[in-house]
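Open your viewer and keep the selection tool ready. This tour goes from stop to stop.

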Amino acid sequence: MRFEHWLYSIPLRLRSLFRRSDVEQELEEELKLHLEQKTQHYVAAGLTPGDARRSALRDMDGLELRKEECRDARRVSRLEDLIQDLRFSMRTLRKAPSFAATAVLTLALGIGANAAIFSVVNAVLLRSLPYPNSEQLFTLRSNQSLPDLEDIQKRTHSFSAIGGITVQALNFTGEGEPVQVSAGLCNADLFGALGFQTALGRVFTAEEDSYGGPALVVLTNGFWTGIFGADPAILGKTLRLSGNSYTVIGVLPREFWLPGKPVEVLASLRVVNPLAAKFRGVHFLKTYFRMRAGIPLAQANAEMQNVDQWLESQYPEEDKDFHRRLLPLRDAIVGIVRPELLVLFAAVGLVLLIACVNFASLQLARSATRQREIAIRAALGAPSGRLIRQMLTESVFLSLLGGVAGLILAGLGVRLLMTLKPAGLPRIGDTSIDAQVLGFTFAVSLLTGVVFGLVPALNTTFFGISAKLKEDARTSAGGASGHRLRKLFVVSEIAIALVLLISAGLMIRSFTILHRVDPGFRTENLLTMRVELPEARYREQPKQRQFHRELLESLNSVPGVQAALVSELPMSGDYITHNFVVEGRPRPPAGSEPEVQTRTVEGSYFRVMGIQLLAGRDFGSQDRTGSLHVAVVNRAFVAQYFPTQDPVGARVEWARSDPSDWMTIVGVVGDIKHFGPGEPEQPAVYDLYSQTAQQWKRWMYIALRGDAPPGILLSQTKQRLWAIDNQLPITQVFTMGDVLAASLDHQRFNLTLLAIFAAVALALAVVGIYGVMSYAITQRTNEIGVRVALGAQHRDVLWLILGQGLRLALLGGALGIAASLALTRYMSHLLFGISPRDPQSFIAIPIALLAVAMLACYVPARRAMRVDPIVALRYE
Amino acid sequence: MSKPSDLVQGTLDLLLLKILTLEPLNGFATSIRLKQVSGDVLQVSDGSLYPALHKLEQEGWIKAEWRPSENNRRAKFYSLTRLGRRHLEREADNWNRLSAAISQVVKMEA
């Protein structure tokens with residue numbers, strides 16, 4: 001029944017829609033024939049042809065109205081109206097190209113910026129992690145040791161798999177120069193926890209993941225493709241890693257991803273590094289807990305708390321104060337960046353708001369010029385709903401055009417964002433314009449068109465029409481309410497722009513402060529690189545020390561070069577801490593001794609780096625293996641542990657050293673910004689490679705100061721290093737200047753974006769205020785003419801206009817300052833060295849904005865000054 | 001020309017469908033035929049005729065085709081569809097029941 005109905009009606013409706021002119025013509029013809037027949041009918045009844053025709057027409061009771069009813073009966077009139085409105089909009093917009101272009105461009109800026117930032121937010125915050133059922137994945141804030149994980153696994157029931165992984169560099173001697181690969185040393189459970197199958201082969205089993213198990217390796221897809229050209233016959237081949245052979249048993253799928261440092265190969269921690277794996281005190285595993293389905297979180301948390309207490313009481317030396325609490329993996333990965341991304345998103349939302357206000361303002365100005373057209377249409381019987389719909393159609397049409405243009409801008413914007421290298425944002429590399437971004441853009445465009453088209457449309461139809469026809473076209477000022485609305489727009493634009501400008505200003509101020517921070521060492525002409533000695537050939541310390549000695553001698557013999565070694569370079573992100581005790585002071589209980597940063601050096605490290613010696617002496621040639629063990633401490637160490645006592649001469653040792661190994665403090669050096677320019681230095685103890693008992697410290701950074709260009713320094717170093725051992729890869733080659741700049745990448749990213757948004761906001765606000773003032777002046781031409789005729793000077797006219805602009809700007813400024821005071825505290829985590837209510841920014845920026853606003857008023861005001869009273873009044 | 005009696009809501013559809021059961025007619029002929037058949041009692045105004053016909057066509061109860069009329073002018077002829085015939089039967093039943101009930105009430109002796 002329904003179907004049969006559609007069989008008839010659908011072709012008819014399609015015909016009404018797409019063959020409109022045919023249908024119209026048929027209707028015309030049908031009614032015309034009827035009128036002729038009716039006329040003949042009346043003539044036959046004795047009327048004159050003229051009377052007959054009139055009677056026939058009268059019977060129809062309004063021919064056009066009946067036609068409209070017939071069209072209504074065809075029930076596609078709504079859609080037809082839309083098409084008609086669209087056609088009409090396009091026609092009228094073509095006649096106002098500058099209006100259309102300005103509107104589309106304004107919206108494109110606002111929407112494009114939003115789409116670009118949204119695509120970042122989408123990639124980083126919204127898209128789910130690339131693991132099956134990723135909401136079941138948890139982690140701990142603190143790293144764990146493998147024995148800890150084993151205990152947690154044994155004493156809980158909520159988890160189906162508990163994975164642990166540490167990333168370590170292994171030397172890969174394949175073909176050509178030796179290189180380092182980043183190896184994930186993990187347990188077999190890791191694969192189950194993350195929920196990945198292999199693309200090729202298999203992963204190692206729990207049986208194989210055992211002390212003395214077979215040497216197996218699983219490759220990531222990138223490594224397999226990059227090094228082996230995706231060789232399908234890779235399985236069973238062997239890889240030489242740091243002097244040992246590993247058999248390839250599997251390749252992971254392309255989707256495999258781990259937060260943090262990228263991993264190229266995976267192997268069993270128990271097989272590769274049994275010593276570290278067994279050691280409960282080595283908390284170096286990132287953990288991945290997969291919760292069993294249907295387990296309440298509270299139960300898992302309770303279990304975890306029990307294990308935590310058990311571990312603490314069982315192993316107070318190793319496992320105290322780890323605060324093991326389950327943390328959703330997602331929060332662990334994006335938790336830190338969420339607030340700052342939200343600040344950016346809010347900022348770009350404000351830009352859109354300004355763009356929308358400008359858009360509404362533009363439409364209002366335009367509708368003012370169309371008042372008479374609209375009034376006439378209303379008078380001819382167009383229902384106001386129909387008029388509003390027409391204006392809305394135009395507005396939505398423009399906003400969708402703006403959305404399309406915005407998407408193009410967003411595409412460019414995303415590429416720009418990528419070049420800004422927002423290094424700290426996890427998964428930023430996945431940013432793309434995808435379905436979500438398209439949907440978001442469409443929704444924003446539509447909403448913009450409807451909401452910001454409705455205000456002017458309502459204003460025009462409800463508040464305008466009645467009075468319009470009476471008014472003379474020239475003096476109709478778009479309605480007093482329209483003008484009031486535009487003033488309101490300007491005030492809010494200035495207020496919003498000010499919020500953005502102050503935010504950007506705060507960021508710029510804190511960035512310059514960060515930039516000026518003294519890192520505590522001289523960055524210029526300083527080249528650094530990392531070398532790691534493979535365990536297979538350098539297990540014994542005498543071999544390591546011989547290498548250190550030979551390398552430094554060889555490098556320092558290059559004219560103009562000073563070289564030294566250090567275990568942790570500033571801003572490398574690396575650090576090692578040790579618990580320590582001071583001789584002669586009461587020993588705290590085991591496990592709760594104070595912790596300090598530990599850096600092991602060799603050669604004249606402080607001199608090479610340009611770190612200031614504050615007291616005592618530097619390490620020297622007299623400090624050798626076998627001589628008195630010495631240490632140098634930093635100023636933060638002195639401030640915390642020797643505030644009233646001279647540290648030089650005091651003795652310290654690593655807690656629980658066995659055998660006892662006291663180091664005499666011989667000097668104090670200045671603090672350096674080890675963790676980045678914005679981070680405070682922590683107490684640190686420097687010791688010597690030639691004296692430390694830690695034979696596992698087989699890695700080192702070479703710090704080279706030399707006038708030669710970095711490229712030449714590097715090739716000289718390679719040559720000399722490989723003359724000593726040609727199997728050692730050199731990695732992480734950076735100039736210290738680059739390292740310092742990179743440490744500010746994150747701030748630079750946020751700053752650049754906020755600055756761009758603020759600039760766009762300022763430009764839009766200026767355009768807004770300029771538009772309103774120009775318009776106000778054309779409206780007041782008469783009045784100004786009269787004033788000039790009555791003797792007003794140029795200056796008076798100028799002040800009249802500027803005063804009007806100033807009032808708006810002051811009001812907007814005051815609102816903007818109030819809003820900023822309320823809002824900037826949400827960005828305090830992005831700031832360094834200034835308060836979010838930094839008085840300088842809150843005074844200087846509003847003044848600057850006021851000045852710019854005045855300039856935007858001055859241009860139209862000058863035009864007003866030149867109003868010729870004769871011309872102005874002649875129009876009357 | 002007397003004003004036509006107000007038709008009960010929905011009865012115009014019924015009348016038009018009924019008129020068109022005999023043979024395809026154009027709009028004017030339909031109104032004339034209605035007047036004749038009802039003995040000059042019922043008349044549909046020209047103003048409501050065409051919107052009503054277009055609505056019926058849209059519902060799929062009647063279909064329209066262009067063909068030459070008596071005086072060889074092209075005219076739009078409406079004819080009943082299968083769907084319309086079924087609708088008419090149902091509506092006619094309804095009407096019969098309703099009118100019988102109304103007459104019964106009206107004839108009731110006080």
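How many residues does the contact take from chain A and from chain B? The contact takes 22 residues from chain A and 18 residues from chain B; two residues are in contact if their C-beta atoms, placed from the backbone, lie within 7 Å.

Before moving on, note that this is a predicted model: local features need pLDDT of at least 70, side-chain atom pairs count only at pLDDT 80 or more, and totals for chains, interfaces and linings use all residues. Residues are numbered from 1 along each chain as its sequence is written, while chains are lettered from A and ligands numbered from 1 in the order in which they are written.

Stay on the side of chain A that touches chain B. Select helix 1 (2-18), helix 2 (20-44), helix 3 (49-60) and helix 4 (63-73) of chain A: each supplies at least two residues of that side. Helix 2 of chain A gives the most, with 7 residues. Helices (H or I, at least four residues) and strands (E, at least two) are DSSP runs, numbered from the N terminus.

Next, select B:Ala64. It sits in strand 1 (residues 62-68) of chain B. B:Ala64 has 18 C-beta neighbours inside 10 Å, so it counts as partly exposed (buried means 20 or more other C-beta atoms within 10 Å, exposed 12 or fewer, partly exposed in between). Leaving aside neighbours within four places in sequence, B:Ala64 is in contact with B:Glu57, B:Lys76, B:Phe77 and B:Tyr78.
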